[in-house]
Amino acid sequence: MNALLVYQADRWLESRLERLSFPVRVVAPRDKDQVVAAMADTEVLLHALDPVTARHIEAGPKLKLIQKIGVGVNTIDLDAARARGIAVCNMPGTNTAAVAEQALLLMLSVLRRVTVQDRASRAGEGWSDAIQAAGSYGEIAGRTVGFVGFGAVPRRLAPVIEALGGKVLRWHRSDAEGQPGERVMVLEDLFARADIVSLHIPLQADTAKIVNAQTLSHVRPGTILVNTARGGLVDEAALLAALDDGRLAGAGLDVLATEPFEQDNPLLGRDEVVLAPHSAWLTRETWDRSLAVIAENVRRLGTGEQLLHRVA
């Protein structure tokens with residue numbers, strides 16, 4: 001079974017791939033034409049971040065499985081895969097710990113202005129009045145974190161927030177996602193009551209730009225937004241406007257609407273915005289768990305058994 005991983009692999013990952021029982025060719029995402037050319041002999045496409053388009057699928061006559069490394073499959077042309085009868089699987093749970101930790105890291109980084117402190121400290125300006133301003137910093141303790149979506153990641157993170165002295169609110173898209181008998185909270189109420197709003201829902205037609213001028217009109221001055229889900233959940237123009245007028249004190253963003261991040265995106269120049277390059281999932285532990293799922297699904301593909309976590 002020939003597999004293709006579209007990723008910029010380092011030696012550590014290459015060593016893990018060498019332990020698998022089937023060959024894995026690695027091509028960097030920036031080599032667009034080489035990726036398409038490599039599809040000719042690919043039976044299993046291992047997909048991390050770079051979108052899987054109809055062009056990739058059409059170029060893979062032997063393709064049997066698109067294995068998402070992660071959960072969200074919005075970067076895969078599912079219609080093209082279905083038309084060819086190609087299985088699409090994801091791997092829920094493999095990155096839960098990593099994403100939960102990154103969400104907490106972003107919350108704390110914005111509250112403590114970590115990037116500003118780091119830059120000023122390196123420049124010998126760490127003890128300047130602007131950096132030492134007492135009113136610039138805050139804690140999780142005493143603050144309310146509102147989770148938009150309450151799946152595996154926020155469920156893991158909520159007890160940590162409470163252990164640090166914070167309070168937790170949660171919003172579900174439907175009754176089915178909550179506890180038995182739990183009343184679904186109105187989204188606008190969560191925005192109005194939370195000190196930190198953290199996004200944990202998939203990007204779909206009904207969730208695109210769920211953070212917009214209307215929902216942000218409900219926040220209290222000083223609120224923080226954290227997004228470790230998908231950039232398309234946020235109307236970036238509305239986010240900038242809320243930062244400008246003080247409704248939002250800051251934002252911690254692992255994702256933006258366009259990735260890789262465009263250098264002219266005004267969010268990149270904001271001191272109150274902490275950014276990460278869609279790396280919330282990226283730990284050695286996540287990769288080890290992911291490779292175990294990949295190995296099992298390739299085995300099942302060979303034997304004709306039901307695949308794990310098939311979504312299309």
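Let's start inside. Val-6, Val-35, Leu-45, His-47, Asp-50, Pro-51, Val-52 and His-56 line the largest cavity. What is a cavity here? On a 1 Å grid over the protein atoms alone, a cavity is a set of points where a 1.4 Å probe fits but cannot get out, and lining residues have an atom within 4 Å of a point.

A word on the source. This is a predicted model, where local features need pLDDT of at least 70, side-chain atom pairs count only at pLDDT 80 or more, and totals for chains, interfaces and linings use all residues. Residues are numbered from 1 along each chain as its sequence is written, and side-chain values use heavy atoms, leaving out hydrogens and water.

Back to the largest cavity. It holds about 50 Å³ of space. Volume means the space filled by probe spheres set on the points, with grid points joined across faces, edges and corners. Five residues of this lining are nonpolar, two are polar and one is charged. Ala, Val, Leu, Ile, Met, Phe, Trp, Tyr, Cys and Pro count as nonpolar, Asp, Glu, Lys and Arg as charged, and the others, Gly among them, as polar.

How many cavities reach 30 Å³ or more? Two.

Now the sheets. Five strands form an open, parallel sheet in the order S2-S1-S3-S4-S5. Strands (E, at least two residues) and helices (H or I, at least four) are DSSP runs, numbered from the N terminus. Two strands pair if DSSP finds at least two bridges between them.

Strand S4 (residues 65-68) pairs with S5 over three bridges, in the parallel sense. Gln-67 stands opposite Cys-89 in S5. Helix H11 (residues 284-303) lies across S1 (3-6), S3 (44-47), S4 and S5, at about 160° to S4. Axes are lines fitted to C-alpha atoms, for helices over the stretch in contact, and angles run from 0 to 180 degrees between N-to-C directions. Contact means heavy atoms within 4.5 Å.

Next sheet. Six strands form an open sheet, also parallel, in the order S7-S6-S8-S9-S10-S11. At its edges, S7 (167-171) and S11 (273-275) each pair on one side only. Four bridges join S6 (residues 144-148) to S8 (residues 196-199). Val-148 stands opposite Leu-199 in S8.

How values were computed:
On a 1 Å grid over the protein atoms alone, a cavity is a set of points where a 1.4 Å probe fits but cannot get out, and a pocket is an open set with protein on both sides within 12 Å along at least five of seven lines; lining residues have an atom within 4 Å of a point.
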